[in-house]
There are 2 protein chains.
Amino acid sequence: MKPRVTLITLGVDDLERALRFYRDGLGFPTDGIVGKEFEHGAVAFFDLQPGLKLAVWPRASLAHDSGVGVGPSSPTDFALAHNVSSKQEVDAVMTQAAAAGATIVKPAVDTFWGGYAGYFQDPDGHLWEVAWNPRMLPPD
Amino acid sequence: MKPRVTLITLGVDDLERALRFYRDGLGFPTDGIVGKEFEHGAVAFFDLQPGLKLAVWPRASLAHDSGVGVGPSSPTDFALAHNVSSKQEVDAVMTQAAAAGATIVKPAVDTFWGGYAGYFQDPDGHLWEVAWNPRMLPPD
């Protein structure tokens, strides 16, 4: 198995709300909700870096498709990290997320690993870390 | 905010078990567990495609670092998709995952969106979809 992830699908409770958050609030490129013609098919995809997409899909659809039971939000299930080039950019992204309706669970602070990072939750409780890590700087 | 994810962190209940699953079972490259010198710092990183890493980190550490409460596994929180180049490769990856100790929650079948896919759960209940999608083929 190649070490590769091509799509990160977030289970959501309200697809329209999730679309608004990621498209309008965070500015992620998307064609909006597609697949409405299929039962449990309605989904929105967002382009991340080349080779990786984000999707928001109702929890009930993910449960139906995969065969697992529908579960509630569990914030320690996972976190997505968004690395940036400076402490100032961390602050700017956290401000943008808050304005988009995110819950700031940890304002950005200096970290034990020598960086600067904060956490927010999207409207479905999914954790994002916004981080400046001098040993993991983004290419742009 | 740029549309970018640099790190996917999975909350786990047993760090050594998660390391064995991803390193020995799925063959993901890693330096093993690092950060043991810090309280709540022990973590393992795996290289995915360039610009993206996977991490396994105890749920208690993720909760401590982010300020959210520790929650249980909730399989519909998210899914990671691993796209491959053929139906045969889907079957091969599902077989590898099962041998590594994954729970096969949905054996691969033809999908409503014209592909072929199955789902497994890692030892901590995290969902992976292994998919052949003729409209989303990997570069290699």
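Mentor: Contact here means heavy atoms within 4.5 Å. The model is predicted: local features need pLDDT of at least 70 and side-chain atom pairs count only at pLDDT 80 or more, whereas totals for chains, interfaces and linings use all residues. Residues are numbered from 1 along each chain as its sequence is written, chains are lettered from A and ligands numbered from 1 in the order in which they are written, and side-chain values use heavy atoms, leaving out hydrogens and water.

Trainee: Which residues does Asn133(B) touch, not counting those up to four places away in sequence?

Mentor: Asn133(B) belongs to the segment after strand 8 (127-132) of chain B; strands are DSSP runs of E with at least two residues, and helices are runs of H or I with at least four, numbered from the N terminus. Once residues up to four places away in sequence are set aside, the residues that Asn133(B) touches are Asn83(B) and Trp113(B).

Trainee: Is Asn133(B) buried or exposed?

Mentor: The relative accessible area of Asn133(B) is 10%. Buried means under 20%, exposed over 50%, and partly exposed in between, with a 1.4 Å probe and protein chains only. Asn133(B) therefore counts as buried.

Trainee: Which strands form the edges of the open sheet?

Mentor: The open sheet has eight strands with mixed pairing, in the order 6(A)-7(A)-8(A)-5(A)-1(B)-4(B)-3(B)-2(B). Two strands pair if DSSP finds at least two bridges between them. Each edge strand pairs on one side only, and the two are strand 6 (103-110) of chain A and strand 2 (30-34) of chain B.

Trainee: Do strand 1 and strand 4 of chain B pair in the parallel or the antiparallel sense?

Mentor: Strand 1 covers residues 7-12 of chain B, strand 4 covers residues 53-58 of chain B, and six bridges join them. Among the facing residues, Ile8(B) has Leu54(B) as its bridge partner, and Val12(B) stands opposite Pro58(B).

Trainee: Which residue of strand 4 of chain B stands opposite Ala44(B)?

Mentor: Strand 3 (residues 43-47) of chain B pairs with strand 2 of chain B in the antiparallel sense over three bridges, and there Ala44(B) is the bridge partner of Ile33(B). Strand 3 of chain B also pairs with strand 4 of chain B, in the antiparallel sense over four bridges. In strand 4 of chain B, the residue opposite Ala44(B) is Val56(B).

Trainee: Which residue takes a positive phi in the hairpin of strand 3 and strand 4 of chain B?

Mentor: This hairpin has five residues between its strands. The positive phi, near 90°, is that of Gly51(B).

Trainee: What pattern does chain A follow along the sequence?

Mentor: The secondary structure of chain A consists of three helices and eight strands. Along the sequence, these elements give the pattern β-α-β-β-β-α-β-α-β-β-β.

Trainee: What percentage of the residues in chain A is buried?

Mentor: Taken along the principal axes, the C-alpha atoms of chain A fill a box of roughly 45 × 35 × 30 Å. Of the contacts in chain A with a separation of 6 or more, 49% join residues 24 or more positions apart. Among the 140 residues of chain A, the buried share is 55%.
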